[in-house]
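Subject: Structure for your review

Dear colleague,

Please find below the structure that I am handing over to you. I would be grateful if you could read the notes after it with the model open beside you.

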Amino acid sequence: MSKVSILEIIRNNAEMIGKKIVLPEAGIDKRVIRAAIQMVMGGFGTPVLLSVDDDLEKLVKDSKLAIPDSIEVIKIQSSKIDPLLIEFLKEKLSHKNPSDAQIRELASDRLVIAGWLVATGRADGAVAGSVASTASVIRAALRTIGVAEGTKLVSSIFLMELPDYRVLTYGDCAVVPYPDAQQLADIAMTSAQSHKLLTGQEAYVAMLSFSTKGSANHERVELVREAVSIVNDTDSRLIIDGELQFDTAFVSKIAERKAPESEVAGKANVMIFPNLDAGNIGYKITERVGGAKAVGPILQGLAKPFMDLSRGCSVDDIVDTACVAAVLSAK
Ligand SMILES: CC(C)(COP(=O)(O)OP(=O)(O)OC[C@H]1O[C@@H](n2cnc3c(N)ncnc32)[C@H](O)[C@@H]1OP(=O)(O)O)[C@@H](O)C(=O)NCCC(=O)NCCS
């Protein structure tokens with residue numbers, strides 16, 4: 001078993017692939033500037049910083065920081081919106097028939113500008129959320145980058161690194177409150193893909209419930225079974241089973257007793273929770289009681305990565321999240 005932290009593995013991979021990650025909140029948050037400097041010093045890729053109405057220059061001066069030449073700075077003047085961005089948004093949002101004023105308002109939003117840069121290939125991914133809310137980050141990503149082919153849903157995972165360095169992927173713990181069976185199936189398939197990309201390991205996906213293989217009957221259990229059946233019909237190569245209780249999914253001795261035929265029980269590394277209550281509570285219990293390190297939320301299901309930060313994030317968290325974005329952009 002690896003004794004190397006998953007974040008170290010992700011940082012090493014980001015260093016190898018050298019991607020461009022746009023950081024739209026650099027002009028309003030010193031932590032972002034410091035993270036960009038760390039990224040360059042560590043060789044984790046090229047940060048692209050947005051400066052809106054010279055806010056970055058002012059913040060750099062006030063903070064007595066120096067931006068290395070290898071960091072790209074894109075200067076935006078809110079009075080001069082790029083006509084290409086206006087055209088891009090009109091096309092992307094044509095189904096909503098937005099007014100010119102609504103388009104102009106969106107076009108001056110730094111998160112939207114970042115999403116546009118990623119969508120049009122000027123950056124490989126974006127990281128924001130040290131100032132903006134999760135909902136604002138997701139909305140900007142949906143309006144510009146949109147969902148990936150083969151899914152209709154943006155959801156999220158946490159990588160849970162246990163004290164012995166095993167890594168479990170938990171989904172969805174931060175975006176979709178009450179997924180229906182199709183959405184739960186989407187979350188399972190996308191989480192398996194993210195797990196493989198980020199950890200390099202095969203995914204064994206457990207669809208969690210309060211029932212194991214018919215031990216209870218309820219409409220909530222039925223929904224989980226239906227999601228498993230949708231996944232099996234969509235991607236027969238994915239190793240998935242459910243419904244399973246957490247202990248059966250995780251503990252091999254219990255799996256032998258409660259689900260002896262299962263290919264997943266006892267060795268699941270991707271845990272799919274039936275709703276956001278369970279997922280959000282579950283990851284926090286694993287973190288606070290189990291002593292795991294939680295990495296995330298990592299947004300998934302977008303055509304290109306746009307990562308969210310917690311507002312209490314540290315400079316290191318921003319660097320790690322930028323490295324996650326780089327690794328996910330290489331799919
Ligand atoms: C994701 C979220 C921001 C969307 O909220 P919203 O903008 O009010 O969403 P709406 O229902 O009005 O939908 C707006 C558009 O986004 C799309 N959309 C919303 N959620 C989506 C998702 N998860 N995946 C893909 N598309 C989504 C809708 O289909 C709709 O598309 P359309 O404009 O083409 O019709 C919302 O679900 C949310 O806030 N989730 C929880 C996030 C959060 O706070 N987490 C913190 C917990 S740790």
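Predicted model: local features only at pLDDT ≥ 70, side-chain atom pairs only at ≥ 80, totals over all residues.

Residues are numbered from 1 along each chain as its sequence is written.

**Domains**

The chain is divided into domain 1 (6-146 + 303-329) and domain 2 (155-294); these bounds come from an automatic or database domain assignment. The contact takes 7 residues from domain 1 and 9 residues from domain 2, where two residues are in contact if their C-beta atoms, placed from the backbone, lie within 7 Å. On the side of domain 1 that touches domain 2, the elements giving two or more residues are helix H1 (6-17), H7 and helix H13 (315-329). Helices (H or I, at least four residues) and strands (E, at least two) are DSSP runs, numbered from the N terminus. H13 gives the most to that side, with 3 residues. By class, the side of domain 1 that touches domain 2 has 6 nonpolar, 1 polar and no charged residues. Here Ala, Val, Leu, Ile, Met, Phe, Trp, Tyr, Cys and Pro count as nonpolar, Asp, Glu, Lys and Arg as charged, and the others, Gly among them, as polar.

**The largest nonpolar core**

A nonpolar core is a set of buried Ala, Val, Leu, Ile, Met, Phe, Trp, Tyr and Cys residues joined through C-beta atoms within 7 Å. A residue is buried if 20 or more other C-beta atoms lie within 10 Å of its own, exposed if 12 or fewer, and partly exposed in between, with C-beta atoms placed from the backbone. Of the 101 residues in the largest core, Ala188, Val205, Ala206, Met207, Ile272 and Ala322 touch the most other members. H13 supplies the largest share of this core, 9 residues. Domain 1 and domain 2 both give residues to this core, so it lies between them. Not counting residues up to four places away in sequence, alanine 322 touches Ile21, Ala35, Met39, Phe44, Gly45, Pro47 and Val127.

**The ligand shell**

By class, the shell has 9 nonpolar, 2 polar and 2 charged residues.

**Strand E5**

Strand E5 (residues 155-161) is mostly covered, with 7 of its 7 residues buried. Strand E10 (residues 293-300) runs antiparallel to E5 and is joined to E5 by 6 bridges; two strands pair if DSSP finds at least two bridges between them. E5 also pairs with strand E6 (residues 167-171) in the antiparallel sense, over 5 bridges. Glutamate 161 stands opposite lysine 293 in E10, and the bridge partner of glutamate 161 in E6 is valine 167. E5 and E6 form a hairpin with 5 residues between them, and tyrosine 165 in the turn has a positive phi of about 75 degrees.

**Aspartate 53**

Aspartate 53 is in the loop between strand E2 (46-52) and helix H3 (55-63). With 14 other C-beta atoms within 10 Å, aspartate 53 is partly exposed.

Yours sincerely
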